[in-house]
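Here is a short note on the model below. Please read it with the structure open.

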Amino acid sequence: MEVTGGWYMALGAVLFTIGAAGLLLRRNALVMFMSIELMLNAVNLSFVAAGNELGVLDGQLAVLFVMVVAAAEVTVGLAIIVTVFRRRATASVDELSGMGG
Amino acid sequence: MTEVAVFAVFAVAAVAGAVTLVVARNPVHSAVGLLVTMFSVAVFYVLNGAHFVAVVQVLIYAGAVMTLFLFVIMLIGVDTSEPREERIPFQRPIVLVLGAVLLALVLVAGRAVWVIRGGHSGTAVGTIEEVSARLFGTWMLPFLSTMLLLTIAAVGTVALARYAGRPRSVEFGDDDRKDGDDDRKDGDDDRNTVGEDAVGEHAVDEEAEG
């Protein structure tokens with residue numbers, strides 16, 4: 001038995017689904033953020049597996065760019081969370097209904 | 001055979017870490033779960049010949065990003081008092097059903113399009129030379145764009161830290177805002193019932209498609 005690219009992609013699908021469920025289930029902004037990171041990691045795993053199966057490097061390059069965007073997103077997102085916490089003293093997204101959401 | 005064993009062990013670790021991330025009440029436990037998943041994914045990168053990406057995964061994700069997360073968790077306090085009551089009725093069952101439907105759809109649809117060439121071709125080993133030659137060749141323009149993106153992110157973070165959340169919150173006054181919140185909560189209830197119906201219909205639609 002051999003581990004083919006499909007196995008990695010199936011695992012990526014499972015991880016992505018868990019991340020999506022966590023994003024919908026949790027109300028803590030930090031945990032929701034970490035769920036997004038999990039989804040990004042699952043997609044990265046699929047990229048690498050597909051690139052390896054096809055014998056090209058571009059999948060890995062795409063992963064590098066996803067990582068850069070994720071790093072930028074994390075810095076700005078965490079800054080927003082800290083700013084909101086300084087104003088409202090909560091990390092729960094249910095409390096943040098100021099825009100009628 | 002070794003690869004199967006390594007894959008099995010780290011797949012279990014990755015899924016366990018992901019589940020821990022979702023179900024743990026303490027955000028620190030969630031962060032540790034995500035860390036386990038990220039290390040496992042780095043192992044999968046190595047198995048797929050992406051050595052440089054694996055190094056970057058450990059350095060940047062497991063190192064920098066998770067340190068930042070833990071730092072913020074410590075900064076704003078470990079808040080385990082997540083509200084129990086649900087604003088959207090039946091949110092958790094709906095999420096579980098939608099998650100199962102999503103997983104089934106991805107797996108069923110994936111079987112049709114996933115590359116199924118047997119065995120590893122082994123021509124794409126992501127050493128630093130290979131990756132950098134490709135990065136500074138074909139992918140030069142996207143690489144330079146990330147420079148712009150990172151600059152904007154850094155400036156935005158500094159601006160948020162300096163100018164947002166400062167004394168202006170005093171001007172609005174807390175009393176006014178509390179009144180406004182109550183009104184909005186009343187409105188929320190109506191809207192949530194509508195939203196729940198919409199979600200229910202969506203689930204039915206997806207099941208029909210699947």
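1. Chain B has 8 helices and 0 strands. Helices (H or I, at least four residues) and strands (E, at least two) are DSSP runs, numbered from the N terminus. Along the sequence, the order is α-α-α-α-α-α-α-α.

2. This is a predicted model; local features need pLDDT of at least 70, side-chain atom pairs count only at pLDDT 80 or more, and totals for chains, interfaces and linings use all residues. Residues are numbered from 1 along each chain as its sequence is written, with chains lettered from A and ligands numbered from 1 in the order in which they are written.

3. Of the 210 residues in chain B, 19% are buried (20 or more other C-beta atoms within 10 Å of the residue's own, C-beta atoms being placed from the backbone). Take the contacts in chain B between residues at least 6 apart in sequence: 65% of them join residues at least 24 apart. Contact means C-beta atoms, placed from the backbone, within 7 Å.

4. The contact between the chains draws 69 residues from chain A and 76 residues from chain B. On the chain A side, α1 (5–25), α2 (29–54) and α3 (58–88) each supply at least two residues. α3(A) gives the most, with 22 residues.

5. The largest nonpolar core has 61 residues (buried Ala, Val, Leu, Ile, Met, Phe, Trp, Tyr and Cys joined through C-beta atoms within 7 Å). A:L30, A:M34 and B:V53 have the most contacts inside it. α2(A) gives the most to this core, with 12 residues.

6. Beyond its neighbours within four places in sequence, A:L30 is in contact with A:I81, A:A91, B:P27, B:F69, B:V72 and B:I73.

Terms used: Two residues are in contact if their C-beta atoms, placed from the backbone, lie within 7 Å. A residue is buried if 20 or more other C-beta atoms lie within 10 Å of its own, exposed if 12 or fewer, and partly exposed in between; C-beta atoms are placed from the backbone.
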